[in-house]
Amino acid sequence: MSNKMKQYEQAIRTNMASAERDYKNDPEHRKGFTVGAVLKLWEVYQDKQIDERQFDKLISVLCDYSNGEYREFINDQVADYKAGNPPTIIGY
């Protein structure tokens, strides 16, 4: 794994741990964290900082957030982005 990928993966894991702690009792913000994380990874991918395989790997790391509670939600977002139908994000 490249050094850049290690840095991205570590950043995701750090942010997930922080969100777990900060939003422990706030499901709306927990879900909002996943929306923002998928958007950020998509932007990094679109900027060609990572390739599709790396994007998919980082998304799989993100899917572990909250013991996989948001896995389906995250995968649905990714499918929308890849299909050219990104979600409209208001307020995050």
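Trainee: In this predicted model, does Ser66 count as buried or exposed?
Mentor: Ser66 is found in the loop between α3 and α4. Buried means under 20% relative accessible area. Ser66 has 8% relative accessibility, so the residue counts as buried.

Trainee: Is Asn67 buried or exposed?
Mentor: Asn67 is also found in the loop between α3 and α4, and this residue, not a glycine, has a positive phi of about 55°. The cut-off for exposed is over 50% relative accessible area. At 81% relative accessibility, Asn67 is therefore exposed.

Trainee: Which residue with a positive phi follows α2?
Mentor: Helix α2 covers residues 27-46. The phi in question is near 65°. The residue that follows α2 with this positive phi is Lys48.

Trainee: What span is expected for helix α2 at 1.5 Å a residue?
Mentor: Helix α2 has 20 residues. The expected span is 1.5 Å times one less than the number of residues. From its first C-alpha to its last, α2 reaches 29 Å, close to the expected 28 Å.

Trainee: Which helices are included in what covers the buried residues of α2?
Mentor: The buried residues of α2 include Phe33, Val35, Ala37, Leu41, Trp42 and Val44. Arg30, Gly32 and Thr34 are also among them. What covers the buried residues of α2 includes α1, α3 and α4 (71-82).

Trainee: Which residues does Gln77 contact, leaving aside its neighbours within four places in sequence?
Mentor: Gln77 is found in helix α4. At 6% relative accessibility, Gln77 counts as buried. Thr34, Val35 and Val38 are listed among the buried residues of α2. With sequence neighbours within four places left aside, Gln77 is in contact with Thr34, Val35 and Val38.

Trainee: Are α2 and α3 roughly parallel or roughly antiparallel?
Mentor: The axes of α2 and α3 come within 10 Å and cross at roughly 165°. Angles over 145 degrees count as roughly antiparallel. The two helices, α2 and α3, are therefore roughly antiparallel.

Trainee: How many nonpolar residues does the contact of α2 with α3 have?
Mentor: From α2 the contact takes Phe33, Thr34, Ala37, Val38, Leu41, Trp42 and Tyr45, and from α3 it takes Glu52, Phe55, Leu58, Ile59 and Leu62. By class, 1 of these residues is polar and 1 is charged, and the number that are nonpolar is 10.

Trainee: Is α1 roughly parallel or roughly antiparallel to α3?
Mentor: The axes of α1 (residues 3-22) and α3 (residues 52-62) come within 10 Å and cross at roughly 25°. Angles under 35 degrees count as roughly parallel. This makes α1 and α3 roughly parallel.

Trainee: How many charged residues does the contact of α1 with α3 have?
Mentor: Met5, Tyr8, Glu9, Ile12, Arg13 and Met16 of α1 meet Gln54, Lys57, Leu58, Val61 and Leu62 of α3. The contact of α1 with α3 has 7 nonpolar residues and 1 polar, and its charged residues number 3.

Trainee: How far apart in space are Lys4 and Ile50, C-alpha to C-alpha?
Mentor: Lys4 has its place in helix α1, and with a relative accessible area of 41% this residue is partly exposed. In sequence, Lys4 and Ile50 are 46 residues apart. C-alpha to C-alpha, the distance between Lys4 and Ile50 in space is 8.8 Å.

Notes. Residues numbered from 1 in each chain as written. Predicted model: local features only at pLDDT ≥ 70, side-chain atom pairs only at ≥ 80, totals over all residues. Heavy atoms only, no water. Axes fitted to C-alpha atoms, helices over the stretch in contact; angles between N-to-C directions. Helix = DSSP H or I, 4+ residues; strand = E, 2+ residues; numbered from the N terminus. Parallel < 35°, antiparallel > 145°, perpendicular 65-115°, else oblique. Contact = heavy atoms within 4.5 Å. Nonpolar A, V, L, I, M, F, W, Y, C, P; charged D, E, K, R; others polar. Buried < 20%, exposed > 50% of the residue type's maximum accessible area, 1.4 Å probe, protein only.
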